[in-house]
Amino acid sequence: MSRSIAPANTYATLREIESRLKSIKNIEKITNTMKIVASTKLSRAQRAMFDSRAYGETSDEIFKKAATQPATEGNKLIIVSSSDKGLCGGIHSQISKAVRAKLALEPEADLVILGDKAKTQLARSYASNIVLSFNQVGKEIPTFAEAQTVADKIFKLGKKYDSIEIFYNKFKSGISFEPTSVPAFTEESLKSSPNFSAYDIEEDLAEDLTEFALANAIYWALAEGHACEQSARRSAMDNASKNAGDMIGRYSILYNRTRQAVITNELVDIITGASSLQ
Amino acid sequence: MSALRLVTRSVLRSRPVVAPWRGSFRGYAEVPSDKIRLNLTLPHQTIYQDVDVVQVNLPATTGDLGVLANHVPTVEQLRPGVIDVVEESGSTKQFFVSGGFAVVQPGSLLSINAIEAYPVEDFSAEAVRAQLAEAQKNATSGSEIDQVEAKIELEVLEALAAVAK
C-alpha cells in the first residue's frame, strides 16, 4: 500500500474506503471507454493519414526535383499543428518543446497555432509572436477545406514571408511519434531553385502553385498529427485503465480486511459486554 | 488561391518530345521509355500511385493538354474538366476534376494534386441541372462573397453538365 490508513477500523473508515473504491471503478470505466473510442478513431485516422501522405508527397515532388532550398533570412513563419483536447500523453508538450527550441534560434519568427493546447503552452513565453490561432481543431479527421482556410487566412494577413516551416508530430508507429518540421516553399525559393529552369511554367503560376502547396502541406501535417494524437490517447488511456485496475484490486482487499476487522471489533464488544454480565 | 479562369476555347496541343532527362534522383525502377508514371492523388483518396500509363489528357487553364512518355517538364493549373487516363491495358478511365495542379516532372513522372475527382459515370445529369439552377440564382443575389462562390460553382457545374450523362 502506498499510504497508511488510520488504525481505527470504524464504520467511518469503511465508508471512506467504499466511496474511494466506487470512484476508482467509475474512472476505470471512463478511461476504458476513451481507450476504445481512441482505437476506433485511430484506425480511421491512420487511413486518412496514408492518403494525406500520398497527396503531400505528390505535392512535394516538384520541390524535390527542383532541389528547392528554404531561405535562411527574412521573415519567417512557423505553423504549429496541435489540437484542443488533452489526455493524450506528451503530444502537445513535445511539439511545443520543439517549437520553443526553434524560437530560441529565431526569436522574431511569427507563429500560427492550430489548437488550443499548443497555444496555452507557447503563449506563456512567446505570446507576442503569435499572429493567428485556430481552435476547433482535432475533433474529427482534418478536411482539406480546413487546411485551405488556414492557408487563406495566412495570406490575408498580407505579410510577405520568406520562409515557412510547419511543425507537426510525425507518426512513426502505433506507440511512437516524433515532432518534425517540414518547409513550405515560397514563390521566390522555388524560382531560385537549381533545377527550376527544367520546368516549362507560366509566369504567374509559380505563386499559385506555392500557395496550393502550402495548403497541401498544412493538410498533411494536420492529418498526421491527428493520427499521432489518437494513438497517444489510446496508450495513455490504456495505462490509466491498467493503473485504475491495480488500485481497484488493492482497495478491494483493503475494504474486505477493514470490513472483517470492524465486524470482529463489534463481536469483541458484544462478547465482552455479555461476559461481564455473567 | 485565385479563382480558376474560365477557358472559352480549348485547344488540343501536343508538346515536342524531349530526350529523357538523366539527372540524379532517388533510385527506383526507371519508367519504361514508352510510358509515363502517374500519381493522381486527392486529399482523401489516392486514385493512381506510381502506375505506368500510356497517356493522360488534362484540362488545363491554358488549354487541353495530352501528356505522353518523356513529355517536357511542365507545371499546369487544372480547370474543371475531365482527365482521361489511357492505361497500359488500353482501357481509358475518365475522371471529372474540380481543380488542382498537374506537374510533369523530369524523368517521365506526372504528379497531379486534385481537390476532388470522381469517375464520370458517378454523376447524374438531373442532379447537375438542379444544382446549376440553384447556383445561377445565387450568382445574382446575396452578398459579394456568396456571388463569387456561386460563380465558381457555376464554372464547375457547367463543365460537369457537358460530361454528365
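How many bridges pair β2(B) with strand β3 (residues 63-67) of chain B, and in which sense? The exercises below start from this question.

This is a predicted model, in which local features need pLDDT of at least 70 and side-chain atom pairs count only at pLDDT 80 or more, while totals for chains, interfaces and linings use all residues. Residues are numbered from 1 along each chain as its sequence is written, chains are lettered from A and ligands numbered from 1 in the order in which they are written, and side-chain values use heavy atoms, with hydrogens and water left out.

**Exercise 1.** Describe how β2(B) pairs with β3(B).

Solution. 
- Strands (E, at least two residues) are DSSP runs, numbered from the N terminus.
- Two strands pair if DSSP finds at least two bridges between them.
- For β2(B) and β3(B) there are five bridges, in the antiparallel sense.
- The link from β2(B) to β3(B) is a hairpin through two residues.

**Exercise 2.** Find the pairings of β2(B) with β1(B) and with strand β5 (residues 81-87) of chain B.

Solution. 
- Six bridges connect β1(B) and β2(B), which are antiparallel.
- B:Leu40 has B:Tyr48 in β2(B) as its bridge partner.
- A hairpin of two residues leads from β1(B) to β2(B).
- With β5(B), β2(B) forms four bridges and runs antiparallel.
- Here B:Asn57 is partnered by B:Asp84 in β5(B).

**Exercise 3.** Characterise the contact between chain B and chain A.

Solution. 
- Count residues in contact (heavy atoms within 4.5 Å): chain B gives 33 residues and chain A gives 27 residues.
- Take the buried area, the accessible area (1.4 Å probe) that two parts lose on being put together, summed over both. For these chains the value is about 2,600 Å², with 59% of it on carbon and sulfur atoms.
- Locate the strands: β1 (36-42), β2 (45-60), β4 (74-78), β7 (100-105) and β8 (109-114) of chain B each supply at least two residues of the side that touches chain A.
- Sort that side of chain B by residue type: 16 nonpolar, 14 polar and three charged. Ala, Val, Leu, Ile, Met, Phe, Trp, Tyr, Cys and Pro count as nonpolar, Asp, Glu, Lys and Arg as charged, and the others, Gly among them, as polar.

**Exercise 4.** Which strand of chain A is joined to β4(B), and by how many bridges?

Solution. 
- The strand is β6 (residues 200-201) of chain A, joined to β4(B) by two bridges.
- These two strands run parallel.
- Opposite A:Ile201 stands B:Val75 in β4(B).
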